[in-house]
Amino acid sequence: MDRDFIIQITSESLKLIRTENNYTQDKMAEILGISKKTLVQIEKERTYANWTTTIAICALFRHSETLQNRIGGDPMEVIELTAHNVIITPREKTMGGYVWWKNIDEFKHHRLQQNLLSKHYRILDDENYRIISTFDVDVVMEKWQAIKSIV
């Protein structure tokens, strides 16, 4: 999943996200810091949101079922991966990957998973905290091998 695809998904979902939250176009435009005219153009699929607006949508509506179902989980994780390529520092606790995730391997309460929609990888510890997330299979496999040799 790259920046352009995230922009496309988010833009195409904007009207559903707005209605899911019972916002008028005026209120949604105010929340996102864009003009109502721009919002209408995005909702009518005449243009896409820019990257900054896309980040705002993903951050402010990260719990939107519409957005999560289109991106495959936490939209901010995908945004961070797109910007940084790898997230190594532990983040908030995950739900364990029972919906949008496929377990690739398990080792002593650690799980290597791949997201079914975005196709990025992550490793979770025994309490479902994310150890690493990345689109780079070589990076995640190197970390996985390191975990297997230590644990």
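**Pocket and helix packing in the predicted model**

The structure described here is a predicted model. Twenty residues, given by number as 20, line this pocket, and G73, D74, T94, M95 and W100 lie nearest its centre. When the lining of the largest pocket is sorted by class, 5 residues are nonpolar, 8 are polar and 7 are charged.

The chain contains 7 helices and 5 strands. Read from the N terminus, the order of its elements is α-α-α-α-α-α-β-β-β-β-β-α. Along the principal axes, the C-alpha atoms of the chain fill a box of roughly 55 × 25 × 20 Å.

Packing between helices was examined next. Two packed helices are described by the angle between their axes and the distance between the axes. For helix α1 (residues 3–20) and helix α4 (residues 51–60), the angle is about 55 degrees and the axes are 10 Å apart. Helix α1 is therefore oblique to α4, and the crossing of the two is left-handed. On the α1 side, the contact involves R3, I6, I7, T10, L14 and I17, which meet W51, T54, I57 and C58 of α4. The residues of this contact between α1 and α4 comprise 7 nonpolar, 2 polar and 1 charged.

Helix α4 also packs with helix α6 (residues 75–84), at an angle of about 145 degrees and with the axes 8 Å apart. The crossing of α4 and α6 is left-handed. Here W51, T54, I55, C58 and A59 of α4 meet P75, M76, I79 and T82 of α6. By class, the contact of α4 with α6 consists of 7 nonpolar and 2 polar residues, with no charged residue.

The crossing of α1 and α2 is right-handed. Residues L14, I17 and R18 of α1 and Q25, M28 and L32 of α2 make the contact, which by class has 4 nonpolar, 1 polar and 1 charged residues.

Terms used: Residues are numbered from 1 along each chain as its sequence is written. This is a predicted model: local features need pLDDT of at least 70, side-chain atom pairs count only at pLDDT 80 or more; totals for chains, interfaces and linings use all residues. Side-chain values use heavy atoms; hydrogens and water are left out. On a 1 Å grid over the protein atoms alone, a cavity is a set of points where a 1.4 Å probe fits but cannot get out, and a pocket is an open set with protein on both sides within 12 Å along at least five of seven lines; lining residues have an atom within 4 Å of a point. Ala, Val, Leu, Ile, Met, Phe, Trp, Tyr, Cys and Pro count as nonpolar, Asp, Glu, Lys and Arg as charged, and the others, Gly among them, as polar. Axes are lines fitted to C-alpha atoms, for helices over the stretch in contact, and angles run from 0 to 180 degrees between N-to-C directions. Helices (H or I, at least four residues) and strands (E, at least two) are DSSP runs, numbered from the N terminus. Angles under 35 degrees count as roughly parallel, over 145 as roughly antiparallel, 65 to 115 as roughly perpendicular and the rest as oblique. A crossing is left-handed if the near helix is turned anticlockwise from the far one by less than a right angle, and right-handed if clockwise. Contact means heavy atoms within 4.5 Å.
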